[in-house]
Amino acid sequence: MGKLVYQVTAENIGKRFGEVILFRNIHFSLVTGQSMAITGPNGSGKSTLLSITAKLAAPDRGEVVYLRDQKKIGRRDLFSHIGMVSPAVIPYRELTAIENIRFAFNTLTPAEDHIHDRMEVLGLYSHRHKPVAQYSTGMLQRLKLLIATLGKPGILFLDEPGSNLDTTGKDIIYTYLNEVRPDIILCMATNESSEAGLCERSIYLGTDYS
Amino acid sequence: MKQDCVKGASILVQTILSSIGKDFRVEFRGRYAINVSVAFAFITTLSISFATGGTAIRPAIQAIFLWVILFFSAMNSLSHVFTREEEESTALFLRLHSSADTVFLSKLLYNMAVFMFLEILIVPLCVFFFSITVIQPLQFSITMLAGGIAITSATTIIAAIVSQSGGRGSLFTILSFPVTLPVLWVTINATTRSITSGLIFSWNSVLFLAAFSIALLMVSYLLFPIIWDEG
């Protein structure tokens, strides 16, 4: 069986907050194996565009369409195909890392050995039974990445993935992204040129519409 | 085909149980909402008991006190199941990893369990401090159960709506009161009959509570994905 081919197409996306037009007429199309960085200054709408693309927020104009092997994916099924790392996606602070993973994947929880291997790589193994409330911001970022990627999603959305990470943490993430990039669609909002450089295409948001 | 249905139902049940387990773990490791509810119930019951100071209270008033204490004690815990997700910014994590059906059913069952837990604590307390004599224990127990289910059926969807707004806790009680007023009216009446000697218990009250719960659950189940997905 061949690998699944995903396609995400954004058509004429526009968003405004009151009188301020954040962005408009955004078009792009990505298929499995392609990656795109959304860059721009603070407040230019990078995270908003990422959320709209992931269908976690609604645009004022346009639409985002998802296909898997040429078949449309409905919004309700979409979340089982995507992984997301974002400051807005926060695991339960009262639960441990393992409990958060078991909750997130439930009946599809990967084998214990696989989880432990991934935790080892991300430097979280010795902290697996600690409540997330006791994690540092860097550890929390690694946990978010672990949860977003553990289910091997076909589409990965990353919002400032390197934020709060030390050099080792960033290296782990960049190595991982280079490994999985040929098999997924990668869409990233970032201000870091090293992160944007991991993607083959980019959109710059920054035009003043006011 | 039948096997697929059984497998699908089994996965749904497992997912719901996992979600309820998560809510209980999160709640009982913090215990904020439950503690506030229990403290409210104790303080109110003791205050009324001291205020009445041994005066004989009529069964109708006993039933009113019992349900008013139960209702307002539960308000904080019942809304917390959704508002906590927004306040602690875990709503998006939940949305990414659970379907709307699972979220609604698990939160509903969690709220029912919390209400039953509060009833188990509050009812004996009220029976003791207000000197309630339960004349028809079966009818009394069924009224408590049916009333609890009706209140949680009505308030779970309101909690979901309120969690999307800024007002949160106070707004929840204000919005819930008119919706649950018919339930309180009927449960107080039925409770009065089960604790008053010489009055005949009307099973129509239980039938009304069951019909009210089913109707609200059906509407809530259909509407919840719109509230949850568009939130």
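Me: Hey! Which order do the strands of the antiparallel open sheet in chain A have?
Reply: Hi! In this predicted model, the four strands run S2-S1-S4-S5 in chain A, with antiparallel pairing.

Me: And which strands stand at the edges there?
Reply: Strand S2 (20–31) and strand S5 (71–72) of chain A. Each has a single partner strand, so one side of each is left without a neighbour in the sheet.

Me: How many bridges pair S1 with S4 in chain A?
Reply: Seven bridges, in the antiparallel sense, between strand S1 (residues 6–17) and strand S4 (residues 61–68) of chain A. If you want a spot to look at, A:Ala10 stands opposite A:Val64 in S4(A).

Me: Nice. Which helix lies across S1, S2 and S4 of chain A?
Reply: That's helix H1 (residues 46–53) of chain A, running at about 130° to S1(A).

Me: OK, on to the parallel sheet in chain A. What's its strand order?
Reply: This open sheet has five strands, in the order S6-S7-S8-S3-S9. Its edge strands are S6 (82–85) and S9 (201–204) of chain A, each pairing on one side only. On average, neighbouring strands of this sheet are turned by 15° against each other, direction ignored.

Me: What about S6 and S7 of chain A, how many bridges there?
Reply: Four, in the parallel sense, with S7 covering residues 155–159 of chain A. Along that pair, A:Met84 stands opposite A:Phe157 in S7(A).

Me: Which strands of this sheet does H1(A) touch?
Reply: H1(A) packs on the sheet and touches S3 (35–39), S7 and S8 (185–189) of chain A. The direction of H1(A) makes about 150° with that of S8(A).

Me: Zooming out, how many helices and strands are there in chain A?
Reply: Seven helices and nine strands. The radius of gyration of chain A is 17 Å, close to the 17 Å that the globule rule gives for 210 residues, so chain A is as compact as a globular protein of that length. Along the principal axes, the C-alpha trace of chain A spans about 50 × 40 × 30 Å.

Me: At what angle do H5 and H6 of chain B pack?
Reply: About 140°, with the axes of H5 (residues 100–129) and H6 (residues 137–163) of chain B 9 Å apart. That makes H5(B) oblique to H6(B). The crossing of these two helices is right-handed.

Me: Which residues meet there, between H5(B) and H6(B)?
Reply: From H5(B), they include B:Leu108, B:Met112, B:Phe115 and B:Glu119. On the H6(B) side, B:Met144, B:Gly148, B:Ile149 and B:Thr152 are among them. By class, the residues of this contact divide into eight nonpolar, four polar and two charged.

Me: Last topic: how many residues of chain B are in contact with chain A?
Reply: 18 residues of chain B, in contact with 18 residues of chain A. Helix H1 (2–30) and helix H4 (91–97) of chain B each supply at least two residues of the side that touches chain A.

Me: And which helix gives the most to that side of chain B?
Reply: H1(B), with nine residues. The side of chain B that touches chain A has five nonpolar, eight polar and five charged residues.

Note on methods. Residues numbered from 1 in each chain as written. Chains lettered and ligands numbered in written order. Predicted model: local features only at pLDDT ≥ 70, side-chain atom pairs only at ≥ 80, totals over all residues. Pairing = 2+ DSSP bridges. Contact = placed C-beta atoms within 7 Å. Axes fitted to C-alpha atoms, helices over the stretch in contact; angles between N-to-C directions. Parallel < 35°, antiparallel > 145°, perpendicular 65-115°, else oblique. Left-handed = near helix turned anticlockwise from the far one by under 90°. Nonpolar A, V, L, I, M, F, W, Y, C, P; charged D, E, K, R; others polar. Rg over C-alpha atoms; globule rule 2.2 N^0.38 Å.
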